[in-house]
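Could you walk me through this structure in the viewer? I would like to know what to select at each stop and what I will find there.

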Amino acid sequence: MKAIFTTFNEAHYDAILAILEKTNIKGFTNWEQVRGRGSINGEPHYGSHAWPTMNSSILIFAPDADVADLRKRLLDLDSQFPALGLRVFTWTVDE
Amino acid sequence: MSLYSSAVKNPISTALIFVAIAILGIFAFTKLPIDLYPHIESNSIMVMTSYAGASASDIESNVTKPIENTLNSVSYLKHITSQSKENISVVTCEFKYGRDIDVATNDIRDKLEMVKSSLPDAAGNPVIFKFSSDDIPIIILSVTADESMPGLYKLLDDKVVNTLARTPGVGSVSIMGVPKREIKVYCDPYKLDAYNIPIESIASIIGTENLNMPAGSIDIGSNNYSLRVQKEFGSAQEIENIVVGSYGGRTVYLRDVAKVIDGMEERSQESYINGKKGGMIIIQKQTGANSVEIARQVEKMLPQIENTLPSDVKLGEIVNTSDNIVRTIGSLKETIFITLVLVMLVVFVFLGRWRATLIIVTTIPVSLLASMAYLFATGNTLNIISMSSLSIAIGMVVDDAIVVLENVTTHIERGSSPKQAAVDASNEFALSVVASTLRVLAVFLPLTMISGLSGIMFRQLGWMVSIIMVVSLLCALALTPMMCSQMLRLKNKKTKMHEVLFTPIDKGLNALNRGYAKLLNWAVHHRRQVVFIATGIFVGVLGICGPFMKSEFFPQQDNARISVKVELPVGTRQEITRDFALKLQQRFAKLEPEIEKSSVSEGTADSDNLFASLQSNGSNIINFNIRLCSVEKRKRGLTELSDILRNELALYPQIRKSQVIAGGQQGGMGGQQGVEIDIYGYDFDATDAAAQEVVKQFKSFKGVQQVLISRDAYTPEYRVNLDREKVAINGLNTATVSQYLRNRINGATASEFREEGDEYDIRVRYAPEFRQSIEDIENITVYNSQGKGIKIRELGKVEEAMTPPTIERKDRQRFISVTAALPKGMASSDLLNGIQQKLNKVHFPSGISWQVGGTYEDQKDMYSDLFTLLLLIVLLVFIVMAAQFESLTYPFVIMMAIPFAFVGVVIGLVLSGTPMSVMAMIGVIMLIGIVVKNGIVLVDYTNLQRERGMGITQAVVTAGHSRLRPVLMTTLTTVLGMIPLAIGTGEGSEMWRGMGLTVAWGLSVSTVITLVLVPTVYAIFAGNGIKHQRKKDKKRIKALEIATAAVTVSEKSLKIKI
């Protein structure tokens, strides 16, 4: 069992839900409107006057076998719209 | 859930809600009546009191003064003026605009109850009379006829007047200039004397003979019959055969002493239309009815009516006030349409995408139509004010939508789906869009709260623009995001056509952008110079152009109408007046081929024709009503044509007084502009002399031709001066003698001759040849109670005398007004300032004072109202901006644009030679809200760049570089929206030209200057702020160092102690 944490520009939300649907992953937790800044070329998402955009994050728990596909799809999405920003982190967890 | 996200999620409901708003608006638009101005209720009430036999000064002291003193305490009274002339006193109370006239009438009625007891016993009851603009005729028809002339009155009365009067909304229809039929009984005084029959007994015999009387009913056998005496005259000849008395045992018939003529009344008004004899039909509307609607109905009925008339009777229009209204509103509609197209083009050129353009442009009709629903719901009309509001708003409603759309595009380009982008983008800019709408509301909502005339005029403008702006905000936050989510696409394929069309535009704009960035870079490095140059421009322009600024109240509107009043010496016979009138009519037609129809009337009006008798009339007075061809068809303007007529009239020495009124009405909105000087003083001779002096001063101005004094000169008349003793000795009294005189000269109405349901007066009097000289009057026989005839000459003398003029008072002081009409090319401020300077140098005798009168006071009130409003609006706009930026410095920096808007206004008005008018002033007020917009965009974006970590100079330049396009776009939409107003030449365009000019010039000049000045001043303030902060920091550091040092010292000392 792996935990996948993805944080992204809120515009990606619908697309990510679609990916979860496609990969048949059911368990996740979502936080809307979170603030943050990426470590690589990260444009801040503060919801402020200067940086008005906001992020969303999703914590997904999935069997090890499904993780690679999910990661690939998410990273594809990111490369499709580099200006929005999306990061994925995974780690092993006990059920 | 926020407005925009629910709008994006429910596109169908959102679209349909806005469609519903639009449909409601279209429905309202088709139902809205048209008018020239918002409804202005009359603010004057007249009180008329008759006091038979009293002279002007008796009336003044016994009737006018007590009434004035009592009415003076009525609340909201602005002025009280009065006219005291022989037999009648007229007191006019003028109230402040906006006062409910019904309440005022009640107040006056209450006060009059109090004063009644102190009026002379013989004085009649004071009558209250409200005269409003509704009483001005809306249509005057001309009637020409050849063979039908003798029976024309009856024909018109039956076929035209009755039919037209049935039209809903028509108040009264009266015939002017067509003589009425009258049965004239012309007596020979010598024969009457010989038979010893007075006119009175002839009149009473005619009255008693002309009778139908029911006598009851009788039963004969089984039937019941009614019994009648039916002896009404069947024809005029029948009258000749009645028995009027007997003399020496022989019967005297009427034909023995008099002629009976079935003809036209003797003294009547005559009219000539384009030199042809005819008449006029005057149509007045009911209070509150819509003139355009009535005119439309009347026009529809005219051909039908004409079919029922004999073929030689022709009807035409001389005056149709609705023509001007329809054409004015029409040209305004055209202007709005052009504005709409221009704004669409600007949006298309700047955005370069038709989908985006469509999204933006949709907000225009939706918001504008919503305001139509407001007009309809509040019972207002489509008029100059409400239509100009639309024109003003078009350029502004798109702004919010553009801001939202631009941001949605940015989001889509970054990779968001259109739906998500629409929500996120709207979310980011919702606050600033609301703030910018609030700022516009800060300008226009206060307009709805002002009182007085300006309140009546501009309340609608305030409400309209406010409503339009609020609806446009709703559009920007619901309709625009929804349409963006549905219509915008990420991959926008550019067609070849698009490239050909937009590459040069793009290149041009980019070059402009680079140039601007360079300029800005220079400016922020030369801050002092920039401020110095800007101040120089401000002071220089105001210093050089300021003195050339002119001002006026409302521009004179060219409504293609001129009215002329010519007075010949009192006592001129009607025939001579008629010949002169016709000669003038010909001359006018020759001088001005622009004249389409000119109608002239002269003569004494029938007393039962209310409209005609309210106008000045008499055998020596000529009234012209001239209709010119429409503005587009002629080169010469109304003022110029009026000046030509004035010059022509000045050539005739026999004219005692003449007045040419351009536009047919004086003062007020759109009427002829002039300057009025009121001279106060009790003494007639002294005030007359002062008035002459003022006339002389007025005439010393070049071009001033028509100067009128309100007080008439003494007019000659004949008076029968009866010797009371002789009258008494002969067993008579003054009342009887005057009655006898009247019956012989004016005639006694004996009875009515009835024919086909109509009644005609039977008037008994002396034949005309027996009332032509003083001797004829002296020879009139008066009979006393013993039946003895006495000649007037035995009772007194007939003398020639002079009647003193009407005594006019204003605010309970005697006064005369001297009015000069403005010639072409002169603004009212030119003449007003000039005459004030000249009159200040003139030494008037003590007890005489003068004041500027007329519409000047209204003008002053309105300008002071608007100035107060201007200050209030500046403050409100400041507050809104301060709240938006949470700073007091930035709003101040942004407001730097306002003085330069004034610079633009001054340049625009002076260059185009347009005087500052109330409409232009409204333009200036609007500018305050509009010009700060560019500053806000610049400052906001500069702040953003600084928050993102840039230095001041870099932030300023970057912000300028990236915001130039939106600034230019929003400015261009507003300026281009105003240009059709500013350069319009259609009918009525004089009214809104000033407003268009001020906004277009003010905004253009201020934009050019603020684009450089605001960033520079921003840099200065921000720089100072940083310096200040650094100083503060240094101080704090120093204080900290000192404190640390002190702590160290004390620690050391502590250690030493230990």
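**A first stop on a strand**

Start by selecting B:Ile709, which sits in strand β21 (residues 707–709) of chain B. Keep in mind on this tour that the model is predicted.

Is B:Ile709 buried, exposed or partly exposed? Because it has 19 C-beta neighbours inside 10 Å, B:Ile709 counts as partly exposed; a buried residue would need 20 or more. Now show what surrounds B:Ile709: leaving out residues up to four places away in sequence, it touches B:Ala691, B:Val695, B:Ile816 and B:Val818.

B:Thr958 and B:Ile709 are separated by 249 residues in sequence, and their C-alpha atoms are 68 Å apart in space.

**Zooming out to chain B**

You will be looking at 32 helices and 30 strands. The C-alpha trace of chain B spans about 155 × 75 × 60 Å along its principal axes. Of the 1058 residues in chain B, 43% are buried. Among contacts in chain B with a separation of 6 or more, 79% join residues 24 or more positions apart.

**Into the nonpolar core**

Now select B:Ile281, B:Ile468, B:Ile894 and B:Val1014. In the largest nonpolar core, which has 201 residues, these four touch the most other members. Then colour helix α15 (residues 452–487) of chain B, as this helix gives the core its largest share, 21 residues.

Return to B:Ile894 and show its surroundings. Which residues is B:Ile894 in contact with, leaving aside neighbours within four places in sequence? They are B:Met881, B:Val932, B:Gly935, B:Ile936, B:Val939 and B:Val1014.

**Two helix pairs to compare**

Select helix α13 (residues 384–414) and helix α31 (residues 952–983), both of chain B. Their axes lie 8 Å apart, and the helices pack at an angle of about 165°, so α13(B) is roughly antiparallel to α31(B). The crossing of α13(B) past α31(B) is right-handed. To view this contact, show side chains including B:Ile394, B:Val398 and B:Ile402 of α13(B), and B:Met969, B:Thr973 and B:Leu981 of α31(B). Sorted by class, the contact of α13(B) with α31(B) has seven nonpolar, six polar and two charged residues.

Move on to helix α11 (residues 321–351) and helix α12 (residues 354–377) of chain B, whose axes cross at roughly 150° and come within 9 Å. That angle makes α11(B) roughly antiparallel to α12(B), and their crossing is right-handed. On α11(B), the contact is made by B:Leu340, B:Met344, B:Val347, B:Phe348 and B:Leu351; on α12(B), by B:Ala356, B:Thr357, B:Ile360, B:Val361 and B:Ile364. By class, the contact of α11(B) with α12(B) has nine nonpolar residues, one polar and no charged ones.

**Last stop: where the chains meet**

Key
Residues are numbered from 1 along each chain as its sequence is written. Chains are lettered from A and ligands numbered from 1 in the order in which they are written. This is a predicted model: local features need pLDDT of at least 70, side-chain atom pairs count only at pLDDT 80 or more; totals for chains, interfaces and linings use all residues. A nonpolar core is a set of buried Ala, Val, Leu, Ile, Met, Phe, Trp, Tyr and Cys residues joined through C-beta atoms within 7 Å. A residue is buried if 20 or more other C-beta atoms lie within 10 Å of its own, exposed if 12 or fewer, and partly exposed in between; C-beta atoms are placed from the backbone. Helices (H or I, at least four residues) and strands (E, at least two) are DSSP runs, numbered from the N terminus. Two residues are in contact if their C-beta atoms, placed from the backbone, lie within 7 Å. Axes are lines fitted to C-alpha atoms, for helices over the stretch in contact, and angles run from 0 to 180 degrees between N-to-C directions. Angles under 35 degrees count as roughly parallel, over 145 as roughly antiparallel, 65 to 115 as roughly perpendicular and the rest as oblique. A crossing is left-handed if the near helix is turned anticlockwise from the far one by less than a right angle, and right-handed if clockwise. Ala, Val, Leu, Ile, Met, Phe, Trp, Tyr, Cys and Pro count as nonpolar, Asp, Glu, Lys and Arg as charged, and the others, Gly among them, as polar.
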